[in-house]
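Okay, thanks for coming, everyone. Let me put the structure up, and then I'll walk you through it.

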Amino acid sequence: MMEVERRAAIIPFGPLHPATKEPVNLVLFVEGEEVVGAEFRFGYVYRAIEVLAQRRNLVQVLHLTERICGICSHAHPLCYVQSVESIAGIEPPERALYIRTILAELERIQNHLLWLGVLGYQLGFLALFMYAWRIREAAMDAMEALTGGRVMRAANAIGGARCDVNEKAAVMIRNAIKESRKAAEYLFDVIHDKTVEARLRGVGVLSRSDAVRCGAVGPTARASGVKCDVRVDDPYAAYEQLKGSFSVVTSSGCDSLARAEVRVAEILESANILQAALDTLPPGDPRPKIPPHRVLRVVPRGESVARVEAPRGDLLYYAVTDGNGFLSRLRVRTPTLANLVALAEMLKGAELADVPAIYASIDPCIACTERALVVDVRSGVKREIELSGGGLACSP
Amino acid sequence: MLPVILLALAAVVAAASLVFDGLDRKIRARLQARVGPPLLQPFYDIIKLLGKSWIAPRGSAKGLFTALPLLALAFSALAGAVTLAGAVGLLELPGDVVIVYSLLTASSLSLLLGGASSGNPYASISLSRGVSTLFAFKLPLLVATLAASMRGGAWFSIARALEVQRARGPTLLTISGATALLAILAGMPAEGEVTPFDVTTAETEIVSGFMVEYSGPLLAFVKLAKSISRFTTALLASILTLCLPLGNPWAEVTVCWLGALLIMLLSITLTATFVARVRVDQLARFFWRIPLLLSLISLAASLSGW
C-alpha cells in the first residue's frame, strides 16, 4: 500500500454492495470524490470447480462446466468439449458445429442485452434496465425453443450437439434476429442519450497500450482498439465457414461509452452470424457418433488447450486427461480474470460516482473467476487474494 | 386550537404525498412496461416499518441519529401544514413562503446530518454531496418561489398571493410566473431526490447515502419527511402560480392540488423514467446555469411588474 493511499479514506465496495452483484470486495482509496487506488479481494464465492472436475468422469464434467457461469452456460461447456475432442481427435458432425455457433451467438445477444440493462441500473436509468431485459426475452425464448432450457441448456455433447434446429426453433431464432436488430438500433440511440453519454464518455479510460499491457480481452479490449476475437483469430465451431458474414467490432473510444457501443454493435453482428448460420445450415444428424458411455473409453491420455470467444471475451480451457475417462487437471481462465487487471487501471483517478459504471463496463463475472483460495494449513487461516494495479498478491 | 388544525392539515398533506408516491410508482412502472405495486403501497410500507424495532448502530451518535429524522418529519409536516393553512385562509402569516422554505431546508439538512451521525462512510459522502447539492438547487428554487410570490404586492404571503391571482388571474400567465415555474420544475427532482438528481441517495454508488443505516420506524420517518417535503414544494409552486379564481377557497385548493400532482408528474415521474443519474459536478453546473438564470429572469420580471 502506498503512503498516499494510507492518508486517503477507505471506501469498501462490497463484499455486499448494490453495485457489485456478486460478492467481491473492491477497496477504494478515496480523496474527496477521487479514487487514488483500488484493490480487489476475492474468496467469497470460491466453489472448487477445478478440484470437483478431477473427481468426476469426462461426461459428468461437461455438466459441471455448464454450471460455472449462468450467463455463459454455453461458452464454458463448448470450450470444454472442444478441448476433449481435440485430445481424442473426434470430429463432430458439421450440423452440430453450426448449432453450437447458433447457440453461442444467441448467448452473446442475451449477455450483451443483460449487460446493457445492468449498466442502466448502475447509472440509475431503470427504464433502460427494464427495456433491455424485455428485449432479451426474444433470445431467451429462441434458446428455450432450441434446447428446452433457458439458462441450463445442456446442448453440448462430446462429439456433437444434443439438440437440433427444428421448424419451431428456426421461427423463434428468426424472430430473435429481427428483434435484436431492431433493438440494437434503438439501444444505440439510448446510450447516446445526453444524460447517459455524460456519464460514460471519458469515464474509465483504458488506452490501447494499457489494454495490451494488462492483457484485456473481449469487448473490453476491442473498445480500446485492440482487434482480437477468437472467432476470427482461431476459428472454432462453424466460424471458419461463416467468417464472411460478420466483422470484428472495434472502437477507438477507449472509455465506458466505447465499451457500450462495441457491445451494441456486436448484437447486430451476432444477428448477422445467426442469419447466415440458419441460411446455410447443413443437413444431417447433429448427435454425437460415439455415445457418452463409450466416449470415456475412447479419450486417450493427453492434454490440450481450447479457446472460445465467450460474450465477455477470450475463455480458455486447459485439460489433461488420464486415459481412464477422467481428468487429471482442468484449468479454466475466464475473461473476467483477464480484464480485472485492466479494471484496476481504469479505476485510478476516477470519480467515486463513476465507479459503478466503470466496474460494470468490463462485465465482471466474479463467481466464474474464483479459482483459488489460500489456506494456511498449519493455522487453518484463510487468506484473501488481492489484486491491485500491479497484479495478484496474497495478503495475510 | 391552531396546533390541532395544523396537525390535521399535516396529516392531510402526509396522506396526499403518500398517494402521490403510489401514483408515481405505478405510472413509472407502466412506462417501463411493468405492472407496478398497488396504489396504496407507500402506506403499507410506512405501516410495516412502524411496526419494526428501533435500531441505532453501535458507534453512532445515538441521540442525533434518532432525534434528527423526527425533527425532519416535524419540519416537513409543519411546512406542509402552513402551506395548506395559508391556502385555505386558516392562517395568515406574513412571509409564510419564506417560513415554508426555511422549514423544508431544515428538514433536508436534518436528514443529512442524522444519516452522517451514524458513522457510516457512505452517509458521510452523502452529507458532503448533499451540502453541495443543497447549495446548487435551493437557490434557484428559492429565488423562483419568492419571485412568484411577489406579484401585486403579495410579498411572500401565500394568502395574499392567492388574492392577487383571484383578482388578476393565475401568475403562470405572467413572464415571472412562467419562468419561475420552469425553474421550480427543474429543481423538483433534486428536492424529491429522484434521478437525475439523486446524487445524495444514489443506490449503486453510495448505497442510498444518508438512509443507509436507517431501518424500522426511523426509516418510516425519513421516508415520510422526504415525501412530504417534495409534495409541499410542488403544492406551494402550484398555489403560487396555478390558482384559478373559483370563488371557494377549498375548490381553489383542490385545483392547486391537481396542479401539484401535474408538477410532480412532469418533473419527477417522467423525468426519472427517461434519464440517467448525473454526477455532483454535473448537477451543480446545471443548476448554476439554466434554472438560476430562469429564476433571476423571473425575479427581474416580477420586480418590473410583468
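So, one definition before anything else: a residue is called buried if 20 or more other C-beta atoms lie within 10 Å of its own, exposed if 12 or fewer, and partly exposed in between, with the C-beta atoms placed from the backbone. By that count, 53% of the 396 residues of chain A are buried.

Some housekeeping. This is a predicted model, where local features need pLDDT of at least 70 and side-chain atom pairs count only at pLDDT 80 or more, while totals for chains, interfaces and linings use all residues. Residues are numbered from 1 along each chain as its sequence is written, and chains are lettered from A and ligands numbered from 1 in the order in which they are written.

Now the overall picture of chain A. We have 16 helices and 11 strands; these are DSSP runs, H or I with at least four residues for helices, E with at least two for strands, numbered from the N terminus. The radius of gyration of chain A, over C-alpha atoms, is 21 Å, close to the 21 Å from the globule rule (2.2 Å times the number of residues to the power 0.38), so chain A is as compact as a globular protein of that length. Its C-alpha atoms fill a box of roughly 65 × 60 × 30 Å along the principal axes.

On to domains, whose bounds come from an automatic or database domain assignment. Chain A gets domain 1 (3-46 + 349-395) and domain 2 (49-333). Their centres, over C-alpha atoms, are 27 Å apart. Domain 1 of chain A puts 13 residues into the contact and domain 2 of chain A puts in 18, where contact means C-beta atoms, placed from the backbone, within 7 Å. On the domain 1 side, H15(A) gives the largest share, five residues.

A:Asp363 sits in the loop between H15 and helix H16 (366-369) of chain A, and its phi is near 55°, positive in a residue other than glycine. Most residues other than glycine have a negative phi. Is A:Asp363 buried or exposed? Buried, because it has 25 C-beta neighbours inside 10 Å.

Chain B has one too: B:Ala33, with phi near 60°, in the loop between helix H1 (2-31) and helix H2 (41-50) of chain B. B:Ala33 is exposed, with 11 other C-beta atoms within 10 Å.

Next, a sheet. Three strands of chain A form an open sheet in the order E6-E7-E8, with antiparallel pairing; strands pair if DSSP finds at least two bridges between them. Strand E6 (301-310) and strand E8 (327-333) of chain A are at the edges with a single partner strand each, so one side of each has no neighbour in the sheet. E6(A) and strand E7 (residues 313-322) of chain A pair over 10 bridges, and A:Glu309 has A:Asp314 in E7(A) as its bridge partner. Helix H14 (residues 335-347) of chain A lies across E6, E7 and E8 of chain A, at about 130° to E7(A). That angle is between N-to-C directions, from 0 to 180 degrees, with axes fitted to C-alpha atoms, for helices over the stretch in contact.

Last, the chain interface. 23 residues of chain A are in contact with 23 residues of chain B. Among the elements of chain A supplying at least two residues each are strand E1 (9-13) and helix H5 (94-122). That's my tour.

Definitions and conventions:
Two residues are in contact if their C-beta atoms, placed from the backbone, lie within 7 Å.
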